[in-house]
Amino acid sequence: MSILLDTILHESINPALAMLPPKMDTPEARVQLLATGLQESRFMYRFQKIAGRPYVKGPAKSFYQMERGGGVLGVLTHPASKFHAKEVCAIRNVAADSNAVWGAIETDDILAACFARLLLFTDPMQLPACGNVAGAWQMYLDCWRPGKPHPDTWGEFHAQARSQVLQ
């Protein structure tokens, strides 16, 4: 798993954070992004799978499982993130609208990581300290609003993310 997380950090999260303001590039952000990606997709699934319908794509895309009318639209319209979202879209050559971004994040891992970081940025609370598992879980719940949260997996995923970032 650490090889996968190292690859995710170096090939998508690091380039994504480099495109955003320096204040968004912190160890806390890296831990939260890795833990969220593990929680949402195990960094294996680029689109939501529908139970009992393996060939039908659900409404969420990317390793961060963002929905067009949820996180994607929220990042594009929130006062704290919309300017940065438009800049990132221009850099990634994607129209700054929810349909285009939602379509692109299925395969553009850098764009997806940017939007995931910007979604975290819309939360008025400060990112939790790297060791604050409960605070990180609460931020995940507040930002992603999962329909079926799985708190039983969060602690281990957060520990893996922490270990990778703080090594």
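The model is predicted, so local features need pLDDT of at least 70 and side-chain atom pairs count only at pLDDT 80 or more, while totals for chains, interfaces and linings use all residues. Residues are numbered from 1 along each chain as its sequence is written, and side-chain values use heavy atoms, with hydrogens and water left out.

**Core**

The largest nonpolar core holds 51 residues. A nonpolar core is a set of buried Ala, Val, Leu, Ile, Met, Phe, Trp, Tyr and Cys residues joined through side-chain atoms within 4.5 Å. Buried means under 20% relative accessible area, exposed over 50%, and partly exposed in between, with a 1.4 Å probe and protein chains only. The members that touch the most other members are Ile13, Leu34, Tyr64, Met66, Val101, Phe115 and Trp144. At least two core residues come from each of α1 (2-18), α2 (27-41), α3 (68-77), α4 (82-92), α5 (98-104), α6 (109-121), α7 (133-144) and α8 (151-166). Helix α6 gives the largest share, 10 residues. Helices (H or I, at least four residues) and strands (E, at least two) are DSSP runs, numbered from the N terminus.

Leaving aside residues up to four places away in sequence, Trp144 touches Thr36, Glu40, Tyr64, Gln65, Met66, Ala116, Leu119 and Leu120. Contact here means heavy atoms within 4.5 Å.

**Helices α4 and α6**

The axes of α4 and α6 lie 11 Å apart, at an angle of about 175°. The two helices are therefore roughly antiparallel. Axes are lines fitted to C-alpha atoms, for helices over the stretch in contact, and angles run from 0 to 180 degrees between N-to-C directions. Angles under 35 degrees count as roughly parallel, over 145 as roughly antiparallel, 65 to 115 as roughly perpendicular and the rest as oblique.

On the α4 side the contact involves His84, Ala85, Val88, Cys89 and Arg92, which meet Ile110, Leu111, Cys114, Phe115, Leu118 and Phe121 of α6. By class, the residues of this contact are 9 nonpolar, 1 polar and 1 charged. Ala, Val, Leu, Ile, Met, Phe, Trp, Tyr, Cys and Pro count as nonpolar, Asp, Glu, Lys and Arg as charged, and the others, Gly among them, as polar.

**Salt bridges**

The whole structure has 3 salt bridges. A salt bridge is a side-chain nitrogen of Lys or Arg within 4 Å of a carboxyl oxygen of Asp or Glu.

| Pair | N to O distance |
|---|---|
| Arg30 and Asp25 | 2.5 Å |
| Glu106 and Lys61 | 3.4 Å |
| Asp108 and Arg92 | 3.0 Å |

Glu106, in the loop between α5 and α6, and Lys61, in strand β2 (residues 53-61), are 45 residues apart. Glu106 is buried at 13% relative accessibility, and Lys61 is buried at 10%. Asp108 also lies in the loop between α5 and α6, 16 residues from Arg92 in helix α4. Asp108 is buried at 13%, whereas Arg92 is partly exposed at 28%. In the remaining pair, Arg30 is buried with a relative accessible area of 17%, and Asp25 is partly exposed at 32%.

**Positive phi in a loop**

Arg42 has a positive phi near 60° although it is not glycine. Arg42 lies in the loop between α2 and β1 (47-50) and is partly exposed at 31%. Phe43 has a positive phi near 55° and is likewise a residue other than glycine. Phe43 sits in the loop between α2 and β1 and is buried at 5% relative accessibility.
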